[in-house]
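Subject: Structure handover, pockets and charged pairs

Hi,

Here is the structure I said I would pass on.

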Amino acid sequence: MKKIKIYSILISIMCVMALLGGCGSKTEKWAYDYEPTQAVIALSDNGKATYKGNEYTYTKDDTFITLTDENGEQLKIRYEMNGDKMTLYEESTYTRSGSGDGVVGNWLQSNGWSYVFTDSGEFSEENIFFGHYTVDESKSRIKLMYDEPMEDAYLYYTLNGNQLTVAYPWPMVRVQ
């Protein structure tokens with residue numbers, strides 16, 4: 001009889017704890033569309049996030065996900081939702097090689113990635129993809145129109161001297 005009482009008390013305590021603690025937080029996990037099983041970013045409704053293997057707390061509005069690490073450093077990532085798909089804009093910084101005005105010029109990263117924007121409105125991305133571009137300075141946005149049968153891409157950018165920071169759009173899907 002004593003054992004039954006102890007078990008009932010333990011079960012009651014566990015039920016109360018489960019009710020008070022909820023069933024855990026919900027987490028939405030997102031992956032690049034070309035690698036749908038590998039989570040790049042995970043956002044929990046308890047305010048915690050993981051991005052590329054690093055842990056953060058986060059807030060988000062209609063335009064940015066703001067990640068904060070344990071040292072208080074913040075990383076703002078632009079995003080857009082389109083139904084059940086998300087576009088995540090990841091930033092990379094390029095250095096101008098040679099001369100140019102505005103976005104016109106040869107832009108390189110130490111890893112070899114590059115953009116070339118000509119004054120006649122043509123571009124090269126990694127010397128693999130080619131096409132035409134337009135710049136909307138009021139929105140700080142470059143529209144890439146590829147020669148190949150690829151969807152146009154919009155890059156957000158900032159210029160700081162010979163530094164070009166580009167927020168490139170990556171189509172995301174929920175992790176499968």
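Predicted model: local features only at pLDDT ≥ 70, side-chain atom pairs only at ≥ 80, totals over all residues.

Residues are numbered from 1 along each chain as its sequence is written, and side-chain values use heavy atoms, with hydrogens and water left out.

Pockets first. Rolling a probe the size of a water molecule over the atoms shows where empty space is left. A pocket here is an open set of points on a 1 Å grid over the protein atoms alone, where a 1.4 Å probe fits and protein lies on both sides within 12 Å along at least five of seven lines; lining residues have an atom within 4 Å of a point. Volume is the space filled by probe spheres set on the points, which are joined across faces, edges and corners.

The largest pocket holds about 600 Å³ of space. It is lined by 23 residues, and Thr-87, Glu-151, Asp-152, Pro-169 and Pro-171 are the closest to its centre. Strands (DSSP runs of E, at least two residues, numbered from the N terminus) β6 (74–82), β7 (85–97), β13 (153–160) and β14 (163–174) each give at least two residues to that lining, with β14 supplying the largest share, six residues. By class, the lining of the largest pocket has 15 nonpolar residues, two polar and six charged (nonpolar is Ala, Val, Leu, Ile, Met, Phe, Trp, Tyr, Cys and Pro; charged is Asp, Glu, Lys and Arg; polar is the others, Gly among them).

The second largest pocket has about 260 Å³ of space. Of its 14 lining residues, Tyr-94, Trp-113, Glu-126, Tyr-168 and Trp-170 are the closest to the centre. Both β7 and β14 contribute two or more residues to this lining, and the largest share, four residues, is from β7. The classes in the lining of the second largest pocket are eight nonpolar, one polar and five charged.

Now the charged pairs. A salt bridge means a side-chain nitrogen of Lys or Arg within 4 Å of a carboxyl oxygen of Asp or Glu, and the count by that rule is two. In one of them, Glu-90 meets Lys-52 at 3.4 Å, N to O. Glu-90 sits in strand β7 and Lys-52 in the loop between β3 (48–51) and β4 (54–60), so this pair ties together parts that are 38 residues apart in sequence. Glu-90 is buried at 9% relative accessible area, whereas Lys-52 is partly exposed at 48% (buried is under 20%, exposed over 50%, partly exposed in between, with a 1.4 Å probe and protein chains only).

Asp-152 and Lys-143 form a salt bridge too, with their closest N and O atoms 3.7 Å apart. Asp-152 is partly exposed at 35%, and Lys-143 is partly exposed at 23%.

Last, the backbone. Which phi value does Asn-127 have? Its phi is near 60°, positive in a residue other than glycine. Asn-127 lies in the loop between β10 (122–125) and β11 (129–136) and is exposed, at 58% relative accessible area. Ser-140, not a glycine either, has a positive phi of about 50°. Ser-140 is in the loop between β11 and β12 (141–146) and is partly exposed at 30%.

Cheers
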